[in-house]
Amino acid sequence: MKIFRALSALLSYPTEDFVAALDEIGEAIEKERLVPARERADLLTLVHDLRNRDLFDLQERYVLLFDRTRSLSLHLFEHVHGESRDRGQAMVDLRALYESKGLTGVENELPDFTPLFLEFLSTLDPAEALPLLGEPAHVFTALAERLHKRQSPYEAVFRALTAVAKVQPDEALLAILRAEPDPAPDDLEALDEAYEDAPVDFGAPADDSCGRDGLAAKLRQARRPAPGVAQSATPRTAFTFSNSHQATEADRHG
């Protein structure tokens, strides 16, 4: 399904090769009728925006939005499992799903990275891809709302994903996401607090070593399975909240 490959490309870090491919991406979107007309037009507006900006500005904007703002993270399990130990198992299961369908060579990227997830969906038949796309619909909706608040044209990608999935996001799960802090990318104090609010714990005892290096520790630990976790025989996705993550959110906002 070419549309998933096009959307994956739009959410990738802008490079010279990316800019050179924008005309091809735009043509693929124009021809794709799986995306409703309104969402398709918004995607083309994003392509136009990307085509007409300086590359350095594109890169700076991308980093501010998706790398420095936790609430806009493109890593799906950041929104689903947070710091809970279930995140490690979810990573293992999702990578196993990729491998079971023949997608290999993805060791350098976390399996829950949205562009990689969409690239995987592009290799599947619609009957397989669309149900999987619908599982994180609450995450896509929350991301679209947060990008809308920032008047970012990247909102179009997540609106298109929810439109293609044709499912209503789980309102209870969406409410949890809406309750999470959503600081502006230039609010450095709030961003530091968002990444420091809890130590990373995928089953190991908590300590004070995460501190200001919490994000780096999170990424290091997320790149390997949780301690003692074996790869499951039947791959599964895990885009709903774990009980421990719900408890964390309740404590955080209660």
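Entry 1: H10 and H12. I looked up helix H10 (residues 137-149) and helix H12 (residues 171-178), whose axes come within 9 Å and cross at roughly 40°. Axes here are lines fitted to C-alpha atoms, for helices over the stretch in contact, with angles from 0 to 180 degrees between N-to-C directions. Helices are DSSP runs (H or I, at least four residues), numbered from the N terminus. H10 and H12 are therefore oblique to each other; under 35 degrees would be roughly parallel, over 145 roughly antiparallel, 65 to 115 roughly perpendicular, and the rest is oblique. H10 passes H12 in a right-handed crossing (near helix turned clockwise from the far one by less than a right angle; anticlockwise is left-handed).

Who touches whom? On the H10 side I found His-138, Val-139, Thr-141, Ala-142, Glu-145 and Arg-146, and on the H12 side Leu-173, Leu-174, Leu-177 and Arg-178. Contact means heavy atoms within 4.5 Å. I sorted these residues into five nonpolar, two polar and three charged (Ala, Val, Leu, Ile, Met, Phe, Trp, Tyr, Cys and Pro are nonpolar, Asp, Glu, Lys and Arg charged, the others, Gly among them, polar).

A note on the source: this is a predicted model, where local features need pLDDT of at least 70 and side-chain atom pairs pLDDT 80 or more, while totals for chains, interfaces and linings use all residues. Residues are numbered from 1 along each chain as its sequence is written, and side-chain values use heavy atoms, leaving out hydrogens and water.

Entry 2: H4 and H11. The axes of H4 (residues 37-51) and H11 (residues 155-165) come within 9 Å and cross at roughly 155°, so I put this pair down as roughly antiparallel. Their crossing is left-handed. Glu-39, Asp-42, Leu-43 and Leu-46 of H4 meet Ala-156, Val-157, Arg-159, Ala-160 and Ala-163 of H11. That contact has six nonpolar, no polar and three charged residues.

Entry 3: the lining of the largest pocket. I counted seven nonpolar, one polar and six charged residues there.

Conventions. Helices (H or I, at least four residues) and strands (E, at least two) are DSSP runs, numbered from the N terminus.
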